[in-house]
Every structure is written in structure tokens, then in C-alpha cells.
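Please look over the sequence and the structure shown here. A short briefing follows, grouped by topic.

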Amino acid sequence: MWTIGLCVVALLVIYCTHLVRKWKNPSCNGVLPPGSMGLPLIGETLHLIIPSYSLDLHPFIKKRIRRFGPIFRTNILGRPVVVSTDPELNHLILQQEGKLVEMWYLDTFSKLFNQEGESRTSAVGVIHKYVRSLSLTHFGVETLKKGLLPEIEDMIKKTLQKWSTQESIEVKYGSAVMVFNYIAKHMFGYDDSENTSEDKISEKFTKISEFLMSIPLNVPGTTYHKCLKDREKATKFLKNKLEERRNSPDMYRGDLLDQVIADLNKEDKEKFLSDDFIITVIFGLLFAGFESVSKILTLTLKLLADHPSVLQELIAEHEGILKNRRDSDPVLTWDEYKSMTFTLQVINESLRLGNGAPGLLRRALKDIEFKGFTIPAGWIIMAVTSASHLNPDVYKDPLAFNPARWKDMDPYLVSKNFMPFSGGTRQCAGAEFSKLLMATFLHVLLTKYEYVPVFVAGLLMAFLDLNFLIIGGPESREDELFELVLA
């Protein structure tokens, strides 16, 4: 009996050892990039999800670059991953979607945004073309020129006026709600004032953004479970809006919702079009719009508070715009926006330093050979674009906030080493909308308010806890105090 028991134990040890060896040394038709696969099942996930409070690369990535070089392998949540900080490989990956790679998301993101199946909104071809066209029609440059700019300026003026009546404002949250409410109003006529605090759809979306990087464990009480519940409520709200508009032709506004309803009603409509698909598109556009803008806008205010000379130059530019106006019309024009040279340099510098996502994720469709290494088909590739943003060979003193660096930047170097809005065929259709909104916010803020730092905490990610304390109204800049409270 003892002999049999010992044999069973020995076999189990041998089998487990074999599995561990196989885990640590994945099969490949060539030479894998160097690296470590971490612990069985969870890989090196725990190292990656530790928060980083710096503008620099995540410690997980920096440590492995020093040890293995700019391209290394790892394992995240049980999936083999090649992490690339090599600008050439990252450029290749972004240009070869649908050929060498396809878009891929973490399980949390994939389930939240319904990115599974042939009709997923991230699919290449006709689906991608439809979603991009929809975005450009309602948020592209031509639409911004024709009417959105004065609407955005008016929205920002009203927001700052409202903030001035409150004791304090958490910047990240307040700006997220501001941007969300405007995008929702523009897309389907949403009016935030018609809802109670408990019914405000913006609350659901901001909570979802907080839970996005959670472990996908759908058990009551977990962060991910709460996130799914908020998504369910948000989706139900959007479905009700779709039905309400569809059943009330007299509510026609010519907005995005009307366009998608018309597309759904066509006899020769695209096969992928359905109510669920449209809801997923609207859900994604809302989330992408408010989340990215609010984070960068908040970081910009933090950096300006830390660099008074930059702030003064920015104020001078916007006061100059007011002085150069030939008429008494207080509305910001497209030409004035395009004349904000230094403002756009400030925004570019904030985008460079504040690239929030660890990297862009793709899945290899076939074996990829690069610089002597092989990335096997089916493996995930994380293109760490922020590494290019912090490349000392391109950006001198890369962790310094220096908007002036953009005056003489080589356009070719910029195209290869600056991708805050992704790149290739996935270049964000709302990039100009985002920059215009931030520039307009700064214009209204700096020409109507004065803000001073009250307390400055440590750098990133402290900017997510930025607070405004606003005293006074917007009638006269000289009589106002706009205090910046950094929690």
C-alpha cells in the first residue's frame, strides 16, 4: 500500500514539474523574446496592477527593460504576453491590424464593452468604417467648425459658473461629468438637469471607469460585480432612449441617435446593425470621450500650478486673443482656436506625460518575426506607446514639463514617437474634439478666473484627486479668486 501511495505521489510531482517547466518555457517555432512567465495561472499580474504614482514608466516595465531589453515576454492573467517598448515594433503593430494582428482587450474590458463575436465594434473592415464615420460625422473637424465650438464654450462657461457656487470641486470627477453630459446631450439630447442625483447616468459611467482595471471575478461584493451592475443600468437607460426616440418621430433632432435609427430602418442595412450593436457603440463613445479628456485636463491644471512661468505665458496668449478681437462678439472662433499655438503645445506636453493606459493591446494572428525574435500566433502584444513619449533620444529631459519643446520638434519624429490617440487605422476620430475642448476650457478659465495652488501633493497619480475651491462669480476676472486644492 505504501509503495502504491509513494508511486502516486511521485507521478504527481513529475506531472506538476512538467507543467511548471512547460509554463516557464512556452513552445515556439523560433526564439522567444527573453523574460519570465511568473507564477502558474496568474503570471506576473500582481506586479503589473500595483499602482504607480509617477509620470515615468510603470516600475514593472522599467525593471524588465533593464533586465531583458525593450522587448520581453511575460504572462498576465494566464495569457502569454510580449511587451514592446521598441518604437519600430510598436509602429509595425499599429500599421498591420487585420494582417499581422487584431485588437484585443482584457477580459474586464471585453465583457463590459461587448467586444466579442463578429459584430464587435472593434472589428476591422466595414464595422470599423461605420463606427469611425459615425464619430467623425458628429465630432469631426467639420462639425466642430460649423457649430460645436460655440456650444462647447457655452457649456464650459455654465459649468464654471456652477462650480463657483459650490464649496469645492473634485476636478477629475467634475470635468468627467461636464464632458459626459455634453457628449450625451450632443448624441441623444440628454439633459442632466432632468434627473435626480440617483438617476444621473453620468454617475454610472464614472463608477465604471473606477472599476475598469479590476480582476474579472463576477461574485456579489466584488468590484467587478458592481461594475457589471452599473453597466447594466447604463445599458438599460440607453435602450430606453433608443426606444423613446424610435417611437416618437416628432422628437427628431438630427443627432447621432436619429442617424443610427435611420440606418437601422434601411431595407438594405448592414448585417451587423442591431439595437444591441448601436447601444454598444453609444456606450463606448460616451466612455471614451469623458474618461480620457477629464484625466488629461486635470493633469494639465496640476502641471500649470507647478509651473507658474508656463501659466503666465498661457494667460498672456489668451488675453491676447481677447485684445485682438475686432468686434464685441464674445464667442470663440475656429481661427482663434487654431491661433492658440502655446496652448496646443501645453496640451501636447500634457498628453505626452499623461498617457494613462499601460499600453495598446493586440493579438498576433500569425507568427511575427522581429529582430531575431518570434512572437507566436495567438500571443498578446502590449505596445507601450508611453515609452516613446519618454524616449530621451527624442525628448530631452523627458520627465520635465516643457511645452516649449514642441516649437522645434521634427514632424517625422513626432509621427513615430507621439501617439496619445493611438495610431494607424485606429487613430482616435475624436482627437481634435478632445484638444479643442481642453483648449476652450483653458481659455474660459484663464480669461475669467484666477486660480492659485493651495496645497500641492505628490505628483501623478495625485492629479486624480485634484480639487477646486472657487470663490466669486465670473463677472470680473480681477474680482475673483479661483483656488486650486490638491488633495
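**Sheet, helix and surface**

Arginine 363 has isoleucine 380, in strand 8, as its bridge partner. This is a predicted model, in which local features need pLDDT of at least 70, side-chain atom pairs count only at pLDDT 80 or more, and totals for chains, interfaces and linings use all residues. Residues are numbered from 1 along each chain as its sequence is written, and side-chain values use heavy atoms, with hydrogens and water left out.

**The sheet**
- Strand 5 (residues 360–364) pairs with strand 8 (residues 380–383) in the antiparallel sense over 4 bridges; strands are DSSP runs of E with at least two residues, helices are runs of H or I with at least four, and both are numbered from the N terminus.
- Two strands pair if DSSP finds at least two bridges between them.
- The open sheet has 5 strands in the order 1-2-8-5-3, with mixed pairing.
- Strand 1 (71–76) and strand 3 (101–103) are the edge strands, each pairing on one side only.

**Arginine 352**
- Helix 15 (residues 341–353) contains arginine 352.
- Arginine 352 is buried because its relative accessible area is 1%; buried means under 20%, exposed over 50%, and partly exposed in between (1.4 Å probe, protein chains only).
- Not counting residues up to four places away in sequence, arginine 352 touches residues including His389, Tyr395, Trp406 and Phe418 (contact means heavy atoms within 4.5 Å).

**Isoleucine 42**
- Isoleucine 42 lies in the loop between helix 1 (2–24) and helix 2 (45–48).
- Its relative accessibility is 36%, so isoleucine 42 counts as partly exposed.
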